[in-house]
Structure formats: C-alpha cells, structure tokens
Amino acid sequence: MPALFIYTHYCTIPIPTSTIIASTSNTNGNGQNISAAGKIKRLVLSQEGRTKLNSFPDREFYSSPRFVTHVDDNFISTLTNLYRERLRPEYEVLDIMSSWISHLPKEIKYKKVVGHGLNGQELVRNPRLDYFFMKDLNEDQEFEMERCSFDAALCTASVQYLQQPEKVFSEVFRVLKPGGIFIVSFSNRLFYEKAITAWRDGTGYSRVQLVVQYFQCVEGFTQPEIIRKLPDVIRDGGKQSSYFNWITNLLGGVFSSADPFYAVIAYKNYKREYVSL
C-alpha cells in the first residue's frame, strides 16, 4: 500500500438549510476568513519543554507494531460516544497519530476516513481507514493535502509526543474546512521516554491547560471546550507523580486505576450547529 496520499478539495461548502452557523470574531461581516487565520501567534513550549528522554527518531521507536490498547475500555467507550455526538456521517475525517484500533462508532459510515501514523502494519489493520499515510510529525509538520479538505480531525492518546505542537495544530487548522472540528483526547498513560518534558512533568490539570494553549496559539480556532471524566481515586486534580505514571506504564497498567478521560475540542473559525426543521 502506498505510504502517501494527496487529496484535492475546495473551500466552497454548501450549507444545508438545517445548519445554523454561530460566527466568531475570526470572520468579517461578509463571512470571509481574516487573513491571519491559521497563523501561529506565539510559541507555547520552551526548548527544554520539547525535549524527550529518548532522543532517537520516532520512526525507530515505532518500527515494530504494538497490537495493544493504550487506554482502557471506559476511556474508549467515552471517546466513541463523544465521536457519535460530534461527528456526522457526511464528514470527511482525518485521524492523526492513529494505530490499528479505531474509536469511531461502528454503526456510522463516514464519507471518508484518512489515517496517519508511523507504523504501516498497525494502520493497515485499522478497519475504518479508507487511506493512510506515514509521517514523523516531529521532523515534518506539513500534510501533503489541500487546505479545507476535512470536516473533522482527531488525535487520540498521542498529543504528548508532539515536539512541535504549535506547527501541527496550525497545519490541522489549514486542512480543516470552515467550521471543522478538532478533538484531542488523552489520559494519563504514556511512553514515558518518548513524551515531551512539559508533559512528563505535568499533572492532569496542567496537561489539559497545555493542550488548551496549543489551540489558543493558532489564530482562528474557537475557544477550546474541555471535557473531563475522572475516576474517584484521582479527583484530587490528577496529582499523580511522573514516576508513578512511569511505573504504571512499565507494568502495563496492571495496578492502575481506571483511566481518566480528557478531551479538548475547538472548531475552525466557528462551530457548526445542526437543528431539525
């Protein structure tokens, strides 16, 4: 299977009569995007915050497939329900940093689902992908796709590995259609040696705020929405030590509690609202 796919779409989107568009200050009176949209306003991370304990290329780390689940069943169920609520069947979906498991609702057929990752054996096993491409986003943040190509972008349990998140979020903005949604979800699990320092040293609360800042640093995203579902044992603000998380991941989660669920969501320029007429 080819490793790279290029798609061409256009930004002119027919708006059905059942759609109500809530504009934000990122559009002018004629509904046109402000020219600064998608630009990076500021950098969120310091150079130290971008570093990893394992500095070897990610392609080497992910060269062997890992046919395991990285989050528990409760997390997956919560995420699938979120997708069921926010994604419509006519959507074209981009799933970045994906793997062999899809969290999309099985009963819904989307117009197109394109996957991205670093291991072809995993991606080819993903039953929901129509196409996929492989790219190390820590080396190259540009997607070889036309702007305004997708209605939704997803990133599950992987944002902690991005060393250039500002550029990646800006690129996601570019390939989203106006009103497109970007859902970033994560828990407290991670490959400790491959997560960036700013994430490893953080708490559940600070990691949510970090992703919020990733959205806010790109001109044109709407105010991020935060969803949290925490097990009772960590309703103290998520203040588990990085060392505890590291040991938990080494042991495969055998002694861990239920995974906390975090999602940060924003839209390109405005949020699409659908009502039945």
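Author: Start with the cysteines: counting disulfides, meaning pairs of cysteine sulfur atoms within 2.5 Å, gives zero. The model is predicted, so local features need pLDDT of at least 70 and side-chain atom pairs count only at pLDDT 80 or more, while totals for chains, interfaces and linings use all residues. Residues are numbered from 1 along each chain as its sequence is written, and side-chain values use heavy atoms, with hydrogens and water left out.

Among the cysteines, Cys155 has a relative accessible area of 1% and is buried. Buried here means under 20% relative accessible area, exposed means over 50%, and partly exposed is what falls in between, for a 1.4 Å probe and protein chains only. Cys217 is buried too, at 0%. Cys148 is buried at 1%, and its phi is near 60 degrees, a positive value in a residue other than glycine. Cys148 is placed in the loop between S4 and S5. Strands (E, at least two residues) and helices (H or I, at least four) are DSSP runs numbered from the N terminus. Met97 also has a positive phi without being glycine, near 55 degrees. Met97 belongs to the loop between strand S2 (92-96) and strand S3 (112-117), and its relative accessibility of 18% counts as buried.

The part to look at closely is the set of charged side chains around Asp151. A salt bridge is a side-chain nitrogen of Lys or Arg within 4 Å of a carboxyl oxygen of Asp or Glu, and the count under that rule is 15. Asp151 takes part in a salt bridge with Lys177, where the closest N and O atoms are 3.4 Å apart. Lys177 sits in strand S6 (residues 176-186) and Asp151 in strand S5 (residues 150-156), so this pair ties together parts that are 26 residues apart in sequence. Both Lys177 and Asp151 are buried.

Asp151 also meets the side chain of Arg272 in a salt bridge, at 3.1 Å from N to O. Here the link is between distant parts of the chain, with Arg272 in strand S9 (residues 271-274) and Asp151 in S5, 121 residues apart. Arg272 is buried at 12% relative accessibility, and Asp151 is buried at 5%. How far does the linking go, and which residues are in the network? Glu92, Lys111, Lys112, Asp151, Lys177 and Arg272 are linked by salt bridges into a network.

Another salt bridge pairs Arg86 with Glu85, the closest N and O atoms being 3.2 Å apart.

Next, the strands. Strands pair if DSSP finds at least two bridges between them. Seven strands make an open sheet with mixed pairing, in the order S4-S3-S2-S5-S6-S8-S7. Strand S4 (131-134) and strand S7 (225-229) are at the edges with a single partner strand each, so one side of each has no neighbour in the sheet. From one strand to the next, the twist averages 15 degrees; axes are lines fitted to C-alpha atoms, for helices over the stretch in contact, and angles run from 0 to 180 degrees between N-to-C directions. S6 pairs with S8 in the antiparallel sense over six bridges, and Ser185 has Ala263 of S8 as its bridge partner.

Two loop residues reach backbone oxygens. Tyr270 is in the loop between strand S8 (261-267) and S9 and is buried at 12%. Its side chain reaches the backbone oxygen of Pro178 at 3.4 Å. A polar contact is a pair of N or O atoms within 3.5 Å; within protein, one must be able to donate a hydrogen and the other to accept it, and residues adjacent in sequence count only if both atoms are side-chain atoms.
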